[in-house]
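Visitor: Hi! Could you walk me through this protein? I'm new to reading structures.
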Amino acid sequence: MFRQIIYMCLLLLSAWLVVETSTAQQTTFGVGNYLKVIAGTGSSVYNGDYMLASSATLNSPSSVAFLESTGEILISDTSNHRIRKILTNGTITTIAGTGTAGYNGDNILATNAQLYYPYDIAVSQLSEIIIAEFGNRIRKILTNGTITTIAGTSVGDGAYNGDFIPSTSANVKNPNAVAISQLGEVIIAGVAVDQIGQVYISVLSHSRIRKILTNGTITTIAGIGSNGYNGDGILGTMAKIFSPRGITVNQLGEVFFADSVNFRVRKISTSGIISTFAGTGNQLFNGDGLLGNSTNLSPHGVSINQLGEIFIADTNYNYIRKIVPCPLNSTQSGSDCNCFEGYFGYGTSCNLFNCNGVRYDSSGVCSSHGFCYAYNACSCQDHYNGSYCQEYSCFGISNSQPNVCSGFGKCTAKDECTCNSGYLNSTCSMFKCNNILKTDVNVCSSKGNCIAPNNCSCQTGYSGADCETFNCFGVSSSSRLVCSSIGECTAPDTCTCPTSDVTTYNKDCSAINKQNNGTNLSAQSDQTTILVAVLVPTLFIVILIIVIFVIIIIVLINRNRAKEATLNIDTVNPSEEELKSFTQSTMISDFPSQYTSSSKESQNDPMDRYTNLVKIGQGGSVFKVNDTKCNNEVKAIKVVRFDNHEDLNVAMREGIQLLKMNHPNVLKVNDFFIGNGQILCIDMTYYEMGDLNRLITGSKFCSELLIAQILFQSCSALDYIFINFG
């Protein structure tokens, strides 16, 4: 039996030793001319190490294993109580055991540790070596050469003492095989190790297959502790098995073991269900070329290669048998394997498939947002859905919906909108009109709604890109002629007109004569209004030029006088008191007699408020008065006579313009009104220093400082008038 197991493992290690004689699922291999002795001489007496393996003696070698990391071969030299290793140069050496049967402790160098009939070996992906000793222990050689016990106690008679306990406290009687699963668990039967280090053990005397988890706990995965066979398709922990021996684990984590006295190779699925993989329960040889579950076997050893092919040591008939299973994603029809729909591959494999026409391992499969795990079956990443992960959402709305990204952008990834030009924020729901957010109260000049980027929907009566424009009776609010040039256009068709006791106004501030029963005078005054609007700024400019020339002439005359009087102008520096000294003449004359009398013609005459009238200035009828309505404040009153309403309108427009002016170098008008006798009175602020003529009269010279101040103040006043009323 042991020779068949050795031959089977060697066949797996050296592909050139294998000769297939059939393409059917089961193949017989002749061992005569195709085997090569790599260790042993035929003698059983130990003759040392560090020699060619072909010259070294072995005593009942029971198992071999392959160190993939180094390419070296391991041998359980059972009756020599050693684990031997054949180096890549062909030399043999001992890596565990002293040659003396027994147990002398753990956590020592494996070469100093006693072993008791080491029966089976397996290698984990970490290159740790698992040993099944017939002395009721499972040992492990670490990569640093230290040996330790991972299962078994060798205390008492080795009777079964339960599961779900630390494996080092569990009895494992006569373990003859181990395997290691992909999860690192140890399965006890023979010894096998999966890809992540789980160890599987077959316990011959307990009729159980046991597993050591990576956390060190031991459990049973097949067998109930009594010999026999009670069928398949049930949980392995409910099935009877009889003398389990060789064991192996495939890449899927499925466990195969030789149920030797039941003459079957059994399989334990990853869900724990047991089934017969090969054998009929009859050991009589019935030939090759049959399906595995129709072939009679007497199995003791079992192994599997990376292609999933199962090798069986058919001990009683001295054969190594091979079962080639149908590949994944295929079904068997007679002696052929047919790929499932949508699957394909190279040779006899069916391992390739597509999702929506894209190969499963392509970077663009499943729309690059998932992985293709089966034919037309995508597993999508979070937030992606659809048959091929082609759908995703932006803030709860699928990218295929027209209203995604507020209908003004594209959903390019989960919660990522690429907005159209002019649209803002993460959902493309925000935009601006003239650089003001649509939600701002000032957008569209507060006279409309911002309905799209730079698109204002204006209220009735308003227009323009920013709803900034409106008209008053057909004239733009920004025109000088709006509201008949005397009012203010404050809203569409809404003029604010001046107030007057004599004149009332239409809605557009055109005058209506009360004495003429409301006759519209606007037509009569239109030409005058246009003339005034054009001539007033021009008149101010002409006056400024004249003033400048007069000042220059005066300066020149004074300088000449100073020279004639041998006066050194450079040394003259009049004091501030000299600049402010003026003579004031007081004369009460030329004022209408009705306003100089203590008796008044009418108790309602607006001139009643003024007292102490004194004529001042040279520019006409201007009087210094005390205003009783303003705590006797000193003011200046200018009296203007008018002959008709046209003259009155012109004078009042001038007065309205002056009322609006507020500048320190412009005469301040406080009020104006119509008195008795067709007189227009203008209430002005009184200036103690008098006029310009008074400042320079009587002086022999004007200093450059004074001239500069006069010019600066005059220009400042004209600039103010031009900007605000030009």
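Visitor: Let's start with N107. Does it count as buried or exposed, and why?
Guide: N107 counts as exposed, because its relative accessibility is 60% and the cut-off for exposed is over 50%. Keep in mind that this is a predicted model.

Visitor: Okay, and where is N107 in the chain?
Guide: N107 is in the loop between β6 (91–96) and β7 (108–109). The phi of N107 is near 60°, which is a positive value in a residue other than glycine.

Visitor: Got it. What about N454, what is its phi near?
Guide: Phi of N454 is near 55°, again positive in a non-glycine residue. N454 belongs to the loop between β42 (448–452) and β43 (455–458).

Visitor: And is N454 buried or exposed?
Guide: N454 is exposed, because its relative accessibility is 55%.

Visitor: New topic: how many aromatic pairs are there?
Guide: The count comes to 11 aromatic pairs. One of them is F371 with Y373, an edge-to-face pair with 6.3 Å from centre to centre and 65° between the planes.

Visitor: Which residues do ring pairs link into a cluster?
Guide: That cluster is made of Y343, F353, Y360 and Y375.

Visitor: Last one: which residue lies over the face of Y46?
Guide: R82 does, at 3.9 Å from the ring centre of Y46. There is also R264, whose charged end sits over the ring of Y229, 4.0 Å from the centre of that ring.

Notes
Residues numbered from 1 in each chain as written. Predicted model: local features only at pLDDT ≥ 70, side-chain atom pairs only at ≥ 80, totals over all residues. Heavy atoms only, no water. Helix = DSSP H or I, 4+ residues; strand = E, 2+ residues; numbered from the N terminus. Buried < 20%, exposed > 50% of the residue type's maximum accessible area, 1.4 Å probe, protein only. Phe/Tyr/Trp six-rings, centres within 6.5 Å; stacked < 30°, edge-to-face > 60°. Lys NZ or Arg CZ within 6 Å of the ring centre and 35° of its normal.
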